[in-house]
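The sequence and the structure are shown first, and the description follows.

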Amino acid sequence: MQAGFAFSKLADRLTSLVELCTDDLDLLADMPSSIAHFGTHQTILRHDDEATQCCLLLHGYLSWQNHESADGQITAICVPGDIANLHTLYRPRIDGNLIALGPAIVALVPHRFFREVAERSPAMSHAMLLMLLADHAIQRNWTVNLGSRDALTRVAHLLCEITVRLQIVGLARDFRLSSPFTQSDLAAACSISPVHANRTIQELRRCNLLQWQGKTLTITDWPGLVRLAGFDPAYLSIRSGADDARPPYARSVTADVALA
């Protein structure tokens, strides 16, 4: 696959889960798609839609939100390289709202492409299955985050998760990342009030764990944030041996987690 290929983040995501050969990854080069640009808080998929395409996130962040929640409760966050609605290959009906957290670029890929890739490559079929299982594991961990952790730990854990997921696809260099959300979005993801979210971020700043300036978030003490969150990335299903497929800064992240 050529460096800079438009869907290289998807390749990074898949190879973090399972070892894939060049022939497997080259199947992505034939991916048919239409590229769509979305503005902040623009809806991409609505509850009860019947999906015929997968939404591959190329740039920005997407969120799944509870359609019944008055405050826009966020139930999942997608980063570049994620296929936001991969599950619709098997169950097309949408059971939430998929919304852009900020400006986002999405490749809309027909379901039939991923079905054909799965038929042509057992390894790719396995990788997509593991991607689905990892999504479910992340969802279960979010349930634990909301049910068993206080606000400070919830926020710290979410930031650790997002950072590692970005590192997997070659983003968040030097622990600096484009902020995935506003503080109001953070509140909706952690089930706290916007005021409480602001106080929590201020506390993390006072502890010298991060800086949040405008749209840039910088983690200044990664081991400290990991300890506070009690973060263990095992549920993200990053395969052993995936280090060779990831850039050096991504390797250092998971190594620091292991040592923290």
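## A term used below

Two strands are said to pair if DSSP finds at least two bridges between them. By that rule β8 and β10 pair, for three bridges join these antiparallel strands.

## The chain as a whole

The model is a predicted one. Its protein chain holds nine helices and ten strands. Of the 260 residues in the chain, 53% are buried. The protein chain exposes about 11,800 Å², and carbon and sulfur atoms supply 50% of that area.

Contacts across the sequence can also be summarised. Among the contacts in the protein chain with a separation of 6 or more, 75% come from residues 24 or more positions apart.

## The sheet of three strands

Strands β8, β10 and β9 make up an open sheet, in the order β8-β10-β9 and with antiparallel pairing. The edge strands are β8, residues 176-178, and β9, residues 210-213, each of which pairs on one side only. From one strand to the next, the twist averages 15°.

The bridge partner of L62 in β6 is A100.

L45 lies in strand β2. Is L45 buried or exposed? Its relative accessible area is 12%, and residues under 20% count as buried, so L45 is buried.

Leaving aside neighbours within four places in sequence, the residues in contact with L45 are C55, W64, N85, I94, G96, N97 and L98. For one of these, I94, the C-alpha atom is 7.4 Å from that of L45, although the two residues are 49 apart in sequence.

## The packing of α3 and α4

Two packed helices are described by the angle between their axes and the distance between the axes. For helix α3 (residues 111-120) and helix α4 (residues 122-148), the angle is about 125° and the axes are 5 Å apart. The two helices are therefore oblique to each other.

Which residues of α3 and α4 meet? From α3 come F114, V117, A118 and R120, and from α4 come P122, M124, S125 and M128. By class, the residues of this contact divide into six nonpolar, one polar and one charged.

## Two largely enclosed helices

Helix α1 spans residues 8-15, and six of its eight residues are buried, so the helix is largely enclosed by the rest of the structure. The buried residues are S8, L10, A11, R13, L14 and T15. Their cover includes α2 (22-26), β3 (53-59), α3, α4 and α5 (151-168).

Helix α6, residues 183-190, likewise has six of eight residues buried, so α6 too is largely enclosed by the rest of the structure. Its buried residues are D185, L186, A187, A188, A189 and C190. What do the buried residues of α6 pack against? They pack against β5, α4, α5, α7 (194-206) and β9. After α6 comes S191, which has a positive phi, near 55°.

Key. Residues are numbered from 1 along each chain as its sequence is written. This is a predicted model: local features need pLDDT of at least 70, side-chain atom pairs count only at pLDDT 80 or more; totals for chains, interfaces and linings use all residues. Side-chain values use heavy atoms; hydrogens and water are left out. Axes are lines fitted to C-alpha atoms, for helices over the stretch in contact, and angles run from 0 to 180 degrees between N-to-C directions. Helices (H or I, at least four residues) and strands (E, at least two) are DSSP runs, numbered from the N terminus. Angles under 35 degrees count as roughly parallel, over 145 as roughly antiparallel, 65 to 115 as roughly perpendicular and the rest as oblique. Contact means heavy atoms within 4.5 Å. Ala, Val, Leu, Ile, Met, Phe, Trp, Tyr, Cys and Pro count as nonpolar, Asp, Glu, Lys and Arg as charged, and the others, Gly among them, as polar. Buried means under 20% relative accessible area, exposed over 50%, partly exposed in between (1.4 Å probe, protein chains only). Accessible areas come from the Shrake-Rupley method with a 1.4 Å probe; for residues, only the protein chains shown count as cover.
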